[in-house]
Each structure stands twice: as structure tokens, then as C-alpha cells.
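Hello,

Here is the structure I promised to pass on to you. My notes on it follow just below.

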Amino acid sequence: MATGLPEEMMINILSCLPVKSILRFRCVCKTWRDLFKSPDFTRMHLNRSKENNHLNFMLSDGKEMYFVHNDESSLTESFDKAIQVHHPLKSSETSVQILAFCDGLFCLDKGYSKTLICLWNPCTGEYKEIPAPPPPIEFPNHLLAQTREFRQMRIGEHRTSYGFGYDCNIKDYKLVRIVDLISHGSEVQVYTLGSNAWRSIANIPYNIAYQEPHGILVNTTLHWSARKSSTQLHSIISFHIESESFEEVPLLQAENFDDTHQISLCVSGRCLCILTHHHKVRTDVWVMKEYGVRMWVKEKERK
């Protein structure tokens, strides 16, 4: 489509548009449709939104998906203007769950089965069903018969957590799956979009916390709240998308943290945050201001 503008200027203008406009404008011409599909444009648009402090939400009620764009309005006003978005796993018989997300791409699961998983771009409407993840590691039958936890594993009752990120080295997306093996830690599996295949890469001596539904992405690294399998003490583990290596992130100083507290993770202003929940009293927010330094600063408490 001829606009009379240099291509770079046109792309800069389009990258400033809200998602609602991009959803409409993808029908203008093939050039714009192809542009909106490209990973480079997706990342540019996301970075612009972050710079402008625009908060975008994708919400699910178990059946339907809703997009919420927030700019200068109050969150209440923005939620009142939520747009229903057609998603590829919509069904009157089964529910849908958001497993993970990155750069405006969503990993969806149909019916909490973890067997029908797709990657979905709501801006273009495109989606890709990915192969079912491989079964977790098999244990000898005499071990399976000894304990209730392994009898559960035999019939496939594995708790899983996912994370999604972009590998800048190979310019491809990776979906990380952590399978809880209870007292035997967890198995880590990685799906790469380009190869369309899963790999089992490691076993780690941690169990992901129940309140951590997906990995928190900061600095090309995914983070989970977890417990050490041997001691059940709180930990934070990180998985670097590019090197595919795990590391334990230092927790708060002992005087600021009681292991009986429930903790969860989030991102605020591109910084990793710990929420320490004091049951029915308050929630403290601790922020890692500079990622490499890994020192936690207390921001606020909420009662």
C-alpha cells in the first residue's frame, strides 16, 4: 500500500497504535497484514507500549477471552470497555486456560488437559497447535508401587508450570514446561517453535509453588517461586532462555523473611518483585532494582 511516507516512518507510526486499532488495520492491505505478523514489529509495538506505560490485559473467564487496553483512563473505565476476542480453542464443552505469554503471544490449553496446546497471536488471529509434551521420566515399577505419590504419577497426575520467552541468539520462541515429580524434584522440558519439537533438558531439585501458575519473564530469564525438594524451604529459581541453564536467585535477608510466609513473583517497571503474603495481615512488595546486583528493596506494604 503506497502511503507517500518512508517505510521506516510508517512502521514507527503503526507501532504506536493501540492493539485495538492494529486488529482493525490488518485488513487494510497485505503489506500491513504481513507487517503485523512479524516478530520484529510485535516486539517494537510491545516496547512502545511499555515506554508509554500502557497496560494491556488479556482476561479469561474459562470460556471467553477479553482484551483490555488501558492508557490514561482508570482501570475501572478500561475494564468496562473490554473487547471480546475470538480465540482458537473456543468450545461450548471445554474451558480454556492461559498457560504463559510473551511479546503479545499466548500459550493456551484446552480443558486443562495439557495435551492440546496452541500458540496464539490475538493481533493477527493466527495460531499454531504444538505437539503434545512428552511424558515425564519413568521410574522403576517397584518404586511406583511403594508410595501414593508415585501411584498418582502412574496415572498421569502431574502438576505442571509453563514459561514462555524469546531466544535472541536463535531468533526463536521457547516454551518451557516444568513437571513436578514431587519428592524427586521436577523435570524440565523445552519446546522450540522453529523446530516444532520438545526436548527434556534437565531434572532440578525443586518443586514449583502452587501459587505460581507460570514463569515470570525479566531480562530474557524466567523466574518461579519454588521449594527445595529435600528441605521444602522457599527458593526462587531462574531459567535463562538462551543458555537453557537454571540458577537459584538469592532470597530476602533472614530478618525480613519468615519461611512460613507465602511468596509469589511479579514484574513492576521491568523489575522482578517478590510479594510476601502475611496471612490476613498485609502483603510486602520487594523489588530487585538492578537485576545483576540482586539486592531486594522494600517498596510498600498493602493491608
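His214 counts as buried because its relative accessibility is 19%, where buried means under 20% relative accessible area, exposed over 50% and partly exposed in between (1.4 Å probe, protein chains only). This histidine, His214, sits in the loop that links β12 (206-208) and β13 (216-218); strands are DSSP runs of E with at least two residues, numbered from the N terminus. Leaving aside residues up to four places away in sequence, His214 touches Leu99, Ala100, Phe101, Ser161, Tyr162, His223 and Trp224, a contact being heavy atoms within 4.5 Å.

Before you read on: this is a predicted model, in which local features need pLDDT of at least 70 and side-chain atom pairs count only at pLDDT 80 or more, while totals for chains, interfaces and linings use all residues. Residues are numbered from 1 along each chain as its sequence is written, and side-chain values use heavy atoms, with hydrogens and water left out.

Now the sheet. Strands β8-β9-β10-β11, in that order, form an open sheet of 4 strands with antiparallel pairing; two strands pair if DSSP finds at least two bridges between them. At the edges are β8 (160-167) and β11 (197-204), each pairing on one side only. Between β9 (residues 172-180) and β10 (residues 186-192) there are 7 bridges, and Val176 stands opposite Val190 in β10.

How many disulfides are there? The count is 0, taking a disulfide as a pair of cysteine sulfur atoms within 2.5 Å. The sulfur of Cys107 lies 7.4 Å from the closest cysteine sulfur, in Cys118, so the two are too far apart for a bond.

Best wishes
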